[in-house]
Amino acid sequence: MSATRPRLVVIGNGMAGMRTVEELLLLAPGLYDVAVFGAEPYGNYNRILLSMLLTGEKSVDEIMLNTPEWYVENDIALHTGDPIVAIDRRRRRVHSRKGIELGYDRLLIATGSQPAILPLPGRDLSGVTGFRGIDDVEHMLEAARTYQHAAVIGGGLLGIEAANGLSRRGMRVTLIHRTNVLLNQQLNADAAGLLARNLQGRGLELRLNAETVSLYGSERVEGVVLADGSRIKADLVVMAVGVRPDIVLAKSSGLHCESGIVVDDTLQTYDPHIYAVGECVQHRRVTFGLVAPVWEQARVCASHLARFGHRRYRSSQTATKLKVTGIDLYSAGDFIGGAGTDDLVLRDPRRGVYKRLVLKGNRVVGAVLYGDAKDGGWYFELIRSAADITPIRDRLLFGQDYCQPALDPARATA
Amino acid sequence: MSTATTCPYCGVGCGVLARVDADGAVHVQGDPTHASNFGRLCVKGAALGETVDLQGRLLHPMLRGSDGRLQRVEWGDALDRVAREFRRIIDEHGPDAVAFYVSGQLLIEDYYVVNKLAKGYIGTANIDTNSRLCMSSAVAGHKRAFGEDVVPGCYEDLEQAELVVLVGSNTAWCHPIVFQRIAKTREAGAIKHVVVIDPRHTATCESADLHLPVKPGTDVWLFNGLLAFLFQHGAMDARFVDTHTEGFAKALAVAEAEAGDPAEVARICGLQMSDLLTFYRWFARCERTVSLFSQGVNQSSSGTDKVNSIINCHLLTGRIGKPGMGPFSITGQPNAMGGREVGGLATMLAAHMELDKPVHRDIVQSFWGSPCMAHRPGLKAVDLFDAIGEGRVKAVWIMATNPVVSMPDADCVKHALARCEWVVSSDIMTHTDTNAYAHALLPALGWGEKDGTVTNSERCISRQRAFLPAPGEARADWRVVCDVARRMGYAQGFQFSAPHEIFLEHARLTAFRNGDIEADGVPVARRMLNLDGLTHLNREAYDAMTPVRWPVLADGQGTTRLFSEGRYAHADGRARFVTVASRMPLHATDCEYPLVLNTGRVRDQWHTMTRTGKAPRLTGHTPEPFVDMHPHDALRCGVREGELARVCSRWGAMVARVTHGGGILAGNVFVPIHWNDQFASDARVGGVVNPVVDPISGEPEFKHTPVRVEPFPVRWYGFLLSRRALAPIGISYWTSIQGDRFRRYEIAHREQPAECGEWARRWLGVTDPEADWLEYEDRSTGVYRAAHLVDDRIESCLFLASRPHLPSRHWLSSLFMQDRLEDADRIALLVGEPADPEASTGHVVCSCFGVGRRTICDAIRSRDLDTPAKITAHLRAGGNCGSCVPELRQLIAEVRSQVEAS
């Protein structure tokens, strides 16, 4: 340990922050003295797999990304359960809740996001939770052991995963969604209809086009009231209506923030010593909720921290996959289309399959896959590479297996 | 227990052993003892068992009511009505106001009674047969040369020849078993040369030593040239010509005058001089030469002259009536010759006797004891339908044939029947293009149900025997004719109770007053057709009758060859050289109709497909009607291979798919004869063919019609496979093809439906919104595909596209054999082909990036990857949510242990 090394302090022991550190260690091992502060009392875990933790398909150990030993091996000082509460940018020092004060040469903010909590009457009742961390999952599991009825507000990715998980844990779950298209950020009406049927087949109660107006209960929540006046009994209410970048700390330290911490293409904030990655940032007006762009941010940010500052982050198309076992769903790019675009559509309702590719000229610009998402990654690649699909257009929607011979000259001649 | 019978297709007349299983399935095999085929069968014959089902069969009599709809009636009512209408029209307008149009598919016995009714009782010779369309030029040629309609040789001659000349015959496809006999002998080296004379390069040419692609219609030049060449090169048998022939000098003079110079002949016929001379030299050199000819010769406005130009060459060289030589007309139908024997042509009387000879008329009338006798030739097929159209013939009884499809200028035939007062059709199928115009439909027996005799191309009489029960109320044609005759008031003459009684009467008539010497002043006439040896058969002997070649004289032995003694049927016993002057087909091409249309059969279909159209194994070879043309002509006409074209003549038009078979000379097109309104939207080539006939035989010129080919523009192409037959109503182009457990429709349409899915569901009758319906659509390129499954079994599938590039039907067809579709097949269904297991990336491990197990294992092996991170670096697998990382580790361990182990 050399006292002359510059110090990098990382705020947030989540996926974005730690991926940046991992990338950094690959590029410039030993360049920094690294200290990591995390609010949660665990090591670094894969937040995407929380829904599998909820269903019981994975255990806590299985979703851990980096073990405490890893931090030790890599000479990283890890402070769990001890969030940074203040940043003194002038003196380049941070203060933790437990009172640790540490100077930095570079600061990486990776505070992630907080679940949005609707400003509904009764939101503070016990039994009302978000779905964001291991403690939320534990809270939900606890409720599932004791109570019967649950309501999930929000039919987006997290809401559906939460509803499915609770249902798998034996609760009677009502999923409440504002529009009649589930996953309306990712699906069109056709695919959403199939999804709705599938969820109903799993025993979920769906309330679409339903606005929640209040929660009721004396101490613990007992149910929700919808705009049409109907009441839904619920001993557990999960709010999954989106996330907000967690910018409280950044803001209080005077960093320029809008919806998120504003960063440039190098993930640098308005303070040249401070970088930010992940769901807490805002890059060219865009905030983030999916993992793929975050990995890319980590790569770019690490290169700048490593002083190989040549990479640029460009926000790109994103793809989504729902992690509900038995539901295969994928969506990417411009899956709605419109004037100037063509559609390839495959419907097999009996097998529960719906696939749609949106083409612009001879390029794929969007994909919605339901029931058979095997080729999602391949389509995403075609979207990103803007490949000319003319020779395989007739087979494209049937997947890579059918297009391989046409694309691979060696195979075509064999 | 199998039944020995005879194949009902071409004129080869193969013996068939048929057996019916306990479950009713019919199995056939070649009869090893039959001298036509010695156990072999062609593909059509071998598939006979698939054609005898009752699908589409006419099973009870029907009469058209005043509302124009056919209604089922009792036999008694049907017979009464048919008899009454014929009686009424004869009484009002005379016997020549009625006519019979019969078929080479009838048995001798059926033919015999209908001929007897017409000529001896009604008193009209207005009975013609579809043999007019294929054989009548050969008949006329035989009569002119030999004095009687006689094929001198037999099939063995083909195996004993040194040179076999196939003229106007795609023998390989149209007479496959005879062709196999030729090909086998040629391979063994016994036949030295096979020459094919045909404007088309056909399958037959593949086994030939020389193909002469003559310009259509120039055969007489070719054979006149040959006659002159043979004379000039000393190949003449002067003793034979002097002793046994007449008319040589004049015939030779004309031949030498117009075709004495081979260079000129080669130019006119469009042949290479060297090829022409090769043929001439071979012919001059080979004593044992057989000239086998068929429709390419006969179906011409100079068909009879072509036949005689061939026979002339055999007379000049004396090559006739001896083993391994002779002119040989091969017939198209199983009983074309048998029909001629009983007089089933408007130009003959009966038993090879002539209408215009008083002695012959007297012989037949006194034998029949009939009230009257036709005394002048009746109307030949083309004239007959003209007369119907003009209202001169007011009643017609059509038996076992489909003139709306098979006649030239067939639209005219359609209009004629539409205005005919009384049309009766005896058929085995309910729906045919002709039956649509019938007022009475009489259900006939089909092959396997009917019982009687047929005569093949080599004069061999064989039994067709029943091995299936009569279906529904169907009856033998002879019985129906007898019943109608009696109801018309002819109490005598039609009291037959079984076919053998009719056959015996026919045999006795052939022998009756047949000879050279008058006895007791009763005039006689010598005929070569003499079945004296068969006149004493009782029922058992008839049933047990083995194939025999006529004449069958008193000793009961058949005759292998005729004219061996050099005695011909003309009164002076001499054969005739017929002076034949060449002439081109009547209608020449011009700038409006610049191409020559040729028509013919395809390998696996027969006539109008009523039977062969049922057998999946026959429909696969040529599923669709086509127009085969030279690529240069296609370019000039603006049509493309695989797309649709309209073929138009002055007489009509039809639509078919363009092919480049490679065998068509520029300036010519070929269209098959089989397709009709039951199998395609608009593919009756008969409607296009010119109604020109040979002036002597009356045989139409099917092989030469000036036409124009033009694009048939459509917006989309497609096909449908369906377990259920569907009505392709309102579709611009369709062809229906029977498959194994499904029907296939090739379709094309001028307009694309606005909503393909809705249109498809409506057409396929899938109204249930919960039906298992898969669909794929690429709207902007006009691609739509759908499949309907019921209980996981494929019910139908439909593929549409704006270009004729559609998936192969082959694999999709095979799915109809499965009672339950495998998941993999279901997924592949709308691709139209099975997933290539080699191309599969395997079970998905990384679902974020869709990376399969196989891809990952290959990468681990080939790039020696040892960490999940390295896999991610190469394949991106594991690089998103990371949930597959443990599986990646496991795969690394697996692959590496395999590598180490090996």
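Residues are numbered from 1 along each chain as its sequence is written, and chains are lettered from A and ligands numbered from 1 in the order in which they are written. Because the model is predicted, local features need pLDDT of at least 70 and side-chain atom pairs count only at pLDDT 80 or more, while totals for chains, interfaces and linings use all residues.

I begin with chain A. The unreviewed UniProt entry annotates residues 7-285 of chain A as "domain: FAD/NAD(P)-binding"; such annotations may be inferred rather than shown by experiment. That span is 26% helix and 29% strand, where helices (H or I, at least four residues) and strands (E, at least two) are DSSP runs numbered from the N terminus.

Next, the contact between the chains. With C-beta atoms placed from the backbone and a limit of within 7 Å, 29 residues of chain B meet 32 residues of chain A. On the side of chain B, strand 30 (residues 772-778) gives the most, with 6 residues. Strand 30 of chain B also pairs with strand 25 (residues 342-348) of chain A, antiparallel over 4 bridges; pairing requires at least two DSSP bridges. In strand 30 of chain B, B:Asp778 stands opposite A:Leu344.

Finally, the hairpin. Strand 17 (residues 452-455) and strand 18 (residues 460-464) of chain B run antiparallel, joined by 4 bridges. B:Thr455 has B:Ile461 as its bridge partner. The turn has 4 residues between the strands, and B:Arg459 there shows a positive phi of about 65°.

Technical notes
Two residues are in contact if their C-beta atoms, placed from the backbone, lie within 7 Å.
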